[in-house]
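User: Please take a close look at the interfaces in this model. Start inside one chain, then move on to where two chains meet.

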Amino acid sequence: MSRVTLRNVWRTYGEQVVLERLNLVVEAGEFVTIVGASGCGKTTFLRMLLGQETPSRGLLLLDGTPLAAEPGPERGIVFQRYSVFPHLTVQDNVLLALELARAPLLGRLFGRARRAAREQAAAMLDAVGLGAFATRYPAALSGGQQQRLAIAQSLVNAPRVLLLDEPFGALDPGIRADMHALIRQVWKASGVTVFMITHDLPEAFALGTRVLVFDKPRVDPQAPQAYGATITYDIPLRGRGPVAVPAELVRKLTPVAEAPAHA
Amino acid sequence: MPRLVNRHPDRISRLLLGLLPFLLVLAVYLLASAERLAANPNDKLLPGFAAFGAAIWRMAALPSERSGELLLWADTMASLARLAWGLGISAAIGLVVGIVNGVIPLARAGLSPFVAGLSLIPPMAVLPILFIVFGLGEVSKVALIVIGIAPVIVRDLQARALELPVELIVKAQTLGANTWTLILRVVLPQLLPRLLDALRLSLGGAWLFLIAAEAIAASEGLGYRIFLVRRYLAMDVILPYVAWITLLAFAIDWALRLLSRRAFPWFAASAGGGR
Ligand SMILES: Nc1ncnc2c1ncn2[C@@H]1O[C@H](COP(=O)(O)OP(=O)(O)OP(=O)(O)O)[C@@H](O)[C@H]1O
Ligand SMILES: [Mg+2]
């Protein structure tokens, strides 16, 4: 539900410039989808927003204040894999989120607080369609169900920003459509600001209120690491109805869009 | 006729095939024993089953003349108590230090090389030190087991903690965990089944150090007894004791495996159990 601002953000690894000159203002409640060639720095961008990595240069602001340099409860995340805790049942996975947020001493709630949290977790599970699987362990869930759980878990504490790194990349197309409906529904219901990386251009245009394209505008053939990727297209979609994917983008990113999903 | 690599035994033949080597060894022993006993009825090296039976009866069911105890059970209790203390303390150290090292980079930087160094000390070489410092009582025997296996468990659990996907650690923080609750609710419960695995792997070492310590200084215990009766070449006692120790080791291993399956049903099913 919050405004995210980037001011001239760079990220380098030694000599290699991965991202450069990122300037961006994202309003509260936007659904930003991010596309770009493999290895161009999308995950790096998301990890900076998450606080798992710090910018080499520049400023990252959340509602005007610099983002904490470590992951915290104001930013939720769903990874492509390993997003849920294997040692907890479905309901306990969501309950854990509430317990961690509310019980800093023991990480556990008791009595009435626990009952209230359980009810909240159950409601959240119903909302993502996992009510019937509450007592299963994640290992006994399908990939799509695991991602539903991951989304429920990330949203139950109402973070200000939700980050998604190819959350549906490993799912087959039929299930993806269900997941699109789900993510759109929870986004509308919560008003959270979403950043979602995808390799699927139609997905990016179908879900986002705004599509960011990451690409390298400058390439030095002698020193390929000298220049990084930046935001080359920033396409607003809100209020325009369904927008066709620009042919130019399809041409640019097709090898990527058709590449098999990978971890 | 299918190729050998494709021929799988059914349940019964698997059982029979599994028993076969045991039966073979037994048969060889009985033949050799019968041969020696035929040549010399007082032979002590390879006693027959009658001698074993008598020795087991004497050790397990008749009170000892000196102490009035049933020696086999007194020895078993003494050894198992030492083993339990050694394993328990090692598990506690392993869990605490392993988790702290695995999760907190500053602790790892400070402690990991130290633990690696400690684990290179041959435990038997410090046994005299233990006897000098702790005396000849129970403490030094337990301490030997701990010194022998705790560093291994620490390093194993540290490695297992580092193997936890970084995604899970990050995810917990985005859910509001601090370092302490992250350890308590995310890392510790996922390492408990791995601790049981580590304990099972270090059981062999624990028995080794236990028997060594008992052989050198003790007044009861399975290892003590074996080394005591060795003076009289009492193979009729030694061999049943060895078999009994083997059985105990097997039972403990089996119990730990069962505990792991029962208490952590998610472990076998998830990737952690498969690796
Ligand atoms: N820790 C690191 N050290 C050095 N280089 C890194 C590191 N992390 C990422 N990189 C480099 O940064 C570049 C961008 O990586 P990133 O994972 O952000 O790409 P991506 O756009 O998410 O790719 P994909 O679509 O394949 O997931 C890559 O060239 C990678 O080699
Ligand atoms: Mg990526």
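Analyst: The model is predicted. Across the interface of domain 1 of chain A and domain 2 of chain A, 4 residue pairs are in polar contact, with both residues of each pair at pLDDT 80 or more. On the side of domain 1 of chain A that touches domain 2 of chain A, the residues split into 6 nonpolar, 1 polar and 2 charged. Salt bridges between domain 1 of chain A and domain 2 of chain A number 0.

Now the extent of that interface. In contact there are 9 residues of domain 1 of chain A and 6 residues of domain 2 of chain A. Together, domain 1 of chain A and domain 2 of chain A bury about 660 Å². Carbon and sulfur atoms give 53% of that area.

The domain bounds put this in place. Domain 1 of chain A is assigned in four pieces, 1-43, 59-73, 174-181 and 201-257. Domain 2 of chain A is assigned to 75-159. Taken over C-alpha atoms, the centres of domain 1 of chain A and domain 2 of chain A lie 28 Å apart.

Next, the interface between the chains. Here 24 residues of chain B are in contact with 35 residues of chain A. The area buried between chain B and chain A is about 2,400 Å², and carbon and sulfur atoms account for 67% of it. Three residues stand out on the chain B side: B:K171, B:L175 and B:R185. They supply 32% of the area that chain B buries against chain A, more than any other three residues.

One of these, B:R185, also takes part in a salt bridge with A:E99. The N to O distance between their side chains is 2.6 Å. The count of salt bridges between chain B and chain A is 1. Polar contacts between chain B and chain A come to 10 residue pairs, both residues at pLDDT 80 or more.

Which elements give two or more residues to the side of chain B that touches chain A? They are α7 (166-174), α8 (179-216) and α11 (265-269) of chain B. The largest share comes from α7(B), with 8 residues. By class, this side of chain B holds 14 nonpolar, 7 polar and 3 charged residues.

To recap: the two domains of chain A bury about 660 Å² with 0 salt bridges between them. Chain B and chain A bury about 2,400 Å², and B:R185 and A:E99 form a salt bridge there.

Technical notes: Residues are numbered from 1 along each chain as its sequence is written. Chains are lettered from A and ligands numbered from 1 in the order in which they are written. This is a predicted model: local features need pLDDT of at least 70, side-chain atom pairs count only at pLDDT 80 or more; totals for chains, interfaces and linings use all residues. Side-chain values use heavy atoms; hydrogens and water are left out. Domain bounds come from an automatic or database domain assignment. Contact means heavy atoms within 4.5 Å. Buried area is the accessible area (1.4 Å probe) that two parts lose on being put together, summed over both. A salt bridge is a side-chain nitrogen of Lys or Arg within 4 Å of a carboxyl oxygen of Asp or Glu. A polar contact is a pair of N or O atoms within 3.5 Å; within protein, one must be able to donate a hydrogen and the other to accept it, and residues adjacent in sequence count only if both atoms are side-chain atoms. Ala, Val, Leu, Ile, Met, Phe, Trp, Tyr, Cys and Pro count as nonpolar, Asp, Glu, Lys and Arg as charged, and the others, Gly among them, as polar. Helices (H or I, at least four residues) and strands (E, at least two) are DSSP runs, numbered from the N terminus.
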